[in-house]
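Dear colleague,

Please find the structure below, followed by a summary of what was found in it.

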Amino acid sequence: MYKVISVILLLSLILIGCQNNNLNLTNDVTSIEVYEWDSEKLIDTIDDKEFIEELVKELDNARTHSTENIDWAMQDYKLLFKHNGEVLFEIGYCKDIQNFGNGAEGRYWEFDKHYEVSTKLPLE
């Protein structure tokens, strides 16, 4: 009986250790402001709670890959994840899915890492 409990406990710890926690947000995101990357012109504000929660969950748990030594086109948009007006997180977004090799594809980029998330923004 103790062996079964020990095995379950060990497997639980391994699964917890394998989870990503990329964003480390202290508050819930209430809106996402979308700006043109080059001009910083506001394109849209996303306030769909369900979409925001799903995107945050995907980004938080996504596999990431270094873009340090990769030459690629810049992002189309800059996204500001906000909680009641306070910026919590900033990330780049590409209209088209980017392929960074090794099967890593996605639309989201932060400083020197690419997120394996292809969710398209609900822009008009």
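Helices (H or I, at least four residues) and strands (E, at least two) are DSSP runs, numbered from the N terminus. On that basis the chain has two helices and seven strands, in the order α-β-β-α-β-β-β-β-β from the N terminus.

This is a predicted model, in which local features need pLDDT of at least 70 and side-chain atom pairs count only at pLDDT 80 or more, while totals for chains, interfaces and linings use all residues. Residues are numbered from 1 along each chain as its sequence is written, and side-chain values use heavy atoms, with hydrogens and water left out.

Of the 124 residues, 35% count as buried (under 20% relative accessible area; exposed is over 50%, partly exposed in between; 1.4 Å probe, protein chains only).

The structure holds four salt bridges, each a side-chain nitrogen of Lys or Arg within 4 Å of a carboxyl oxygen of Asp or Glu. One of them joins Lys-78 and Glu-40 at 3.2 Å, N to O. This pair links distant parts of the chain, 38 residues apart: Lys-78 lies in strand 4 (residues 77–83), and Glu-40 in the loop between strand 1 (31–36) and strand 2 (42–46). Lys-78 is buried, at 13% relative accessible area, whereas Glu-40 is partly exposed, at 49%.

Arg-63 and Glu-116 form another salt bridge, with their closest N and O atoms 3.9 Å apart. Here Arg-63, in the loop between helix 2 (49–61) and strand 3 (64–66), is linked to Glu-116, in the segment after strand 7 (113–115), 53 residues apart. Arg-63 is exposed, at 55%, and Glu-116 is partly exposed, at 28%.

With kind regards
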